[in-house]
Amino acid sequence: MRVLLDVSAVPSDPRGAGRYVSELARHVVTGATPDLEVVLLARRDDAARWRAVAADASDVEVVVHPVVPGPRPVRLVWEQVAGPRLARRLALDVWHGPHYTVPLRAALPRVVTVHDLTLLEHPEWHERPKALYFGRMIPAAVKHAAVSVCVSRHTADRLAAVVPAAAGARARDVVVIPHGVDHDRFRPVSDPALDLATLGRFGVCAPYLAFLGTIEPRKDVASLVHAFAAVAPEHPDLQLVLAGGGGWHDGAVDAAIAASGVAERVVRTGYLPDDVVPALLRRAAAVVYPSLEEGFGLPALEALACGAPLVTTGGSSIEEFVGDAALLVAPGDTDALVAALRRVLVPHEASALAARGPAQAAPYTWRAAADRHVDAYRRAAASRSS
């Protein structure tokens, strides 16, 4: 079985869905069986990165086709126009589009990953051209896919509610495969002094509350700033650390910081290097992830694996994996968020949450996620003869 995995949308510093694709590529390639060949479809200038994806498995040769143009609009057109021809030329059995899209006219079974439905249900949270394109492409991709992968049960339920093709699909056509976490990196055991020295290079000093993720409307970081301003007088040494790059329409966060009265205690680090992120999570007085809606919520899972006390939102995918290892608040409820911050900053409450986190995160691994994707590929390939 020859499977193409499209990695062409992954930036050089992957976060969120990009992290999912990178980990999937690494684990599917290194775990390939003799009857499975994986081809990675990359951008024209990005071959070296993906050839190194299996550097820890010297007996595995990574097959990369670096033929996709770089800019997103051209890349999306290329997928639809040139993708079917490439599928024929490479004699593929399955094409996996891990970021909402597949070549619609390709004459082979396709697998598509749907991360969340906000592009359809909340287009105001996204750039207009992106929302318009994906608002049409997601239903079309699901309609043409032999198997649709959803990263959480919440996403699968929203997909069935929003996209008629998914609601009418056979049960085997939509599979739920949660993300994993790299437990070698994200773990509670480490050298506290080394962690704090590393964080100090970015202006981060304990004690602090940490947010990790892209600063964009659906993460509701502005509400976190308001909540921090409410509890800051009670904890005069406490910082708020916002770790993540600025996304689309993040001006509301800048305005909230400026109006907070505690702007000097808010640290915006931008994207942190990968080796710094676990230290940020481990040493936080609490990790706070107040997202309005999530397809999965990987930073919350990573926080649990690091043994960090976690405050996050209920009502979406995050609730599926946190169990009793986090304090949950209603999305957008700033008063409830303030109350949760006050509670998590009580030492015995924080300790109880921190103790439960690693065990709660332990079942979620990228190896397990990759194995389930291979099962989805086999299902898709079998659909050709059914």
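Trainee: How do the residues of the lining of the largest cavity divide into nonpolar, polar and charged?

Mentor: This is a predicted model, with residues numbered from 1 along each chain as its sequence is written. Local features need pLDDT of at least 70, side-chain atom pairs count only at pLDDT 80 or more, totals for chains, interfaces and linings use all residues, and side-chain values use heavy atoms, leaving out hydrogens and water. Ala, Val, Leu, Ile, Met, Phe, Trp, Tyr, Cys and Pro count as nonpolar, Asp, Glu, Lys and Arg as charged, and the others, Gly among them, as polar. Sorted this way, the lining gives 5 nonpolar, 4 polar and 2 charged.

Trainee: About how much space lies in the largest cavity?

Mentor: A cavity is a set of points on a 1 Å grid over the protein atoms alone where a 1.4 Å probe fits but cannot get out, and lining residues have an atom within 4 Å of a point. The search of the whole structure turns up 1 cavity of 30 Å³ or more. Its lining includes Asp220, Ser223, Pro290 and Leu337. The space in the largest cavity is about 50 Å³.

Trainee: Nice! How many residues apart in sequence are the parts that Asp274 and Arg15 tie together?

Mentor: These two side chains meet in a salt bridge at 3.8 Å, N to O (a side-chain nitrogen of Lys or Arg within 4 Å of a carboxyl oxygen of Asp or Glu). Asp274 sits in the loop between β10 and α11 and Arg15 in the loop between β1 and α1, so the parts they tie together are separated in sequence by 259 residues.

Trainee: Is Arg19 buried or exposed?

Mentor: Arg19 also has a salt bridge with Asp274, at 3.1 Å, N to O. That pair links helix α1, which holds Arg19, to the loop between β10 and α11, 255 residues apart. Asp274 is partly exposed at 33% relative accessibility (buried means under 20% relative accessible area, exposed over 50%, partly exposed in between, with a 1.4 Å probe and protein chains only). Arg19, at 13%, is buried.

Trainee: And which residue forms a salt bridge with Arg218?

Mentor: Arg218 lies in the loop between β8 and α9, and its partner in the loop between β5 and α4, 102 residues apart. Arg218 is buried at 11% relative accessibility, and the partner is buried at 6%. With the closest N and O atoms 3.2 Å apart, that partner is Asp116.

Trainee: Last one: how many salt bridges does the structure hold?

Mentor: Side chains of opposite charge can pair when their charged atoms come close. Here, Arg43, Asp45, Asp46 and Arg49 are linked in a network of salt bridges. For the structure, the number of salt bridges is 20.

Definitions and conventions
On a 1 Å grid over the protein atoms alone, a cavity is a set of points where a 1.4 Å probe fits but cannot get out, and a pocket is an open set with protein on both sides within 12 Å along at least five of seven lines; lining residues have an atom within 4 Å of a point. Grid points are joined across faces, edges and corners, and a volume is the space filled by probe spheres set on the points. Helices (H or I, at least four residues) and strands (E, at least two) are DSSP runs, numbered from the N terminus.
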